[in-house]
Amino acid sequence: MESCEVSEILKSAKNISKTVFLFPLTAFILVLLLPLLVYFNQSSSKILFTTTDVENQTTTTTSSCNNLFSGKWVPYLEQRYYNETCPFIAEKQNCLIHGRPDSDFLKWRWKPDDCELPMFDAKVFLKIVKGKSMAFVGDSIGRNQMQSLLCLLSPVARPEDITTKYVSNDDLTYFKWWFYADYNFTITMLWSPFLVKSSKSYIYNSSNFYKPESLYLDEPDTAWTSRIENYDYVIFSGGQWFFRPFTFYENNQVVGCQKCNNSIELNYYGYKKAYRTALKTIMNHKQFKGLIILATHSPNHFENGEWNKGGGCNRTRPFSNEQKWEVHPYGLEILHQIQMDEFNAAKKDAGENGSRFGLIDITDAMLMRPDGHPNKYGHASDKNVSVNDCVHWCMPGPVDTINEIFLYMIMRMKL
């Protein structure tokens, strides 16, 4: 009995000695490996943040966001996506380069009422559009959005200008092609301010705004219809050019006019028919299988006079919801309602032919940004320019929000 007890004691002592030896060895190994494990964990988090975190944020936001387009502008003091050195900013929209003294217009962000709008992530955007093509169809507001998109993508990738492969030198002012070789992605600007066929008198006699433009309301503009067949995304926008005098044609017969016979009133028939023709044309285009997107009317903010009569836009802060009608662009509600009616009608018919539609309803949000235009800072101070720009948007500026919404939309639609 005693010999057994002694044997057990010796065995226990042996095990204790092993444990005593192994503990400091294990602790030593952990001390060596712990910093390495922390490093890899942090690195992994940084890598995943740019894609997974944004995608998760969008998924969460989508489930609770009933109306992305109703909201307000809230203070945002973080650094902007890019600055005035971005090479894709048009000179006339580079407000800081031209001496705009305030920068408060950069310190706001759109906040929908019932959700958070995710930040723009260039890597996520390029991942979605890899191997695809995108066309902006419309006027210089569409070009403004396209140039904002190029700048938002510029920290990650810079495109090659391949415009001369597609158009002659005479068209370089109006059309643009950009190609991202690493992503096999093309962005195009197809100039078509009326979306339908026109006499193009604005080109041949640009100094005479009061000369009537002929619009053929039942004939889409071949400037875009002849080029969009293989595109994956087509973004329609436009409205600013519909305030001039018109003669309207259908079936090559005059059916009406605008600002004619001593009248200064708008005839909204032309606007309605132009959008109807454009949306029906692309829906019935046999070769087009992509996403049709409407970016709604972008309001101007002229005060104390019309655009050609000394009007300007000197505000330095956004409007609240209660203030937004202090500057009331003529015809805005009707133009916006026409766009929404034609969009909804086309979307309803889309179920029959499989067309897909997306909406970027920016009108209300941009109505609250009278501070976001170049005004007199769209050109060098020594240039003799008498017209202030309260139509286009400074870059960087509120226009970048349009592309935040655009990315959110295509992520939500999983395109």
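The link of C257 and C260 is right-handed, with 60 degrees about the S-S bond. I start there, in what is a predicted model: local features need pLDDT of at least 70, side-chain atom pairs count only at pLDDT 80 or more, and totals for chains, interfaces and linings use all residues. Residues are numbered from 1 along each chain as its sequence is written, and side-chain values use heavy atoms, with hydrogens and water left out.

Back to that pair. The sulfur atoms of C257 and C260 are 1.7 Å apart, and they form a disulfide (a pair of cysteine sulfur atoms within 2.5 Å). C257 is partly exposed, with a relative accessible area of 25%. On that scale, buried means under 20% relative accessible area, exposed over 50%, and partly exposed in between, using a 1.4 Å probe and protein chains only.

One joins C86 to C151, S to S 2.1 Å. This link is left-handed, with -100 degrees about the S-S bond. C86 sits in the loop between β1 (71-75) and β2 (108-112), while C151 belongs to helix α3 (residues 140-153), so the pair ties together parts that are 65 residues apart in sequence. Helices (H or I, at least four residues) and strands (E, at least two) are DSSP runs, numbered from the N terminus. Both C86 and C151 are buried.

Another joins C313 to C390, again with S to S 2.1 Å. With -95 degrees about the S-S bond, the C313 and C390 link is left-handed. C313 lies in the loop between β12 (291-295) and α7 (332-353), and C390 in the loop between α8 (363-367) and α9 (399-412), so this pair ties together parts that are 77 residues apart in sequence. C313 and C390 are buried.

The loop between β12 and α7 also holds W307. W307 is partly exposed, at a relative accessible area of 34%.

Last, helix α2. Is it mostly covered or mostly open? Helix α2 (residues 122-129) is mostly covered, with 6 of its 8 residues buried. The buried ones are A122, V124, F125, L126, I128 and V129. At the start of α2, a side-chain oxygen of D121 comes within 3.0 Å of the backbone nitrogen of K123. After α2 comes G131, with a positive phi near 80 degrees.

Key
A polar contact is a pair of N or O atoms within 3.5 Å; within protein, one must be able to donate a hydrogen and the other to accept it, and residues adjacent in sequence count only if both atoms are side-chain atoms.
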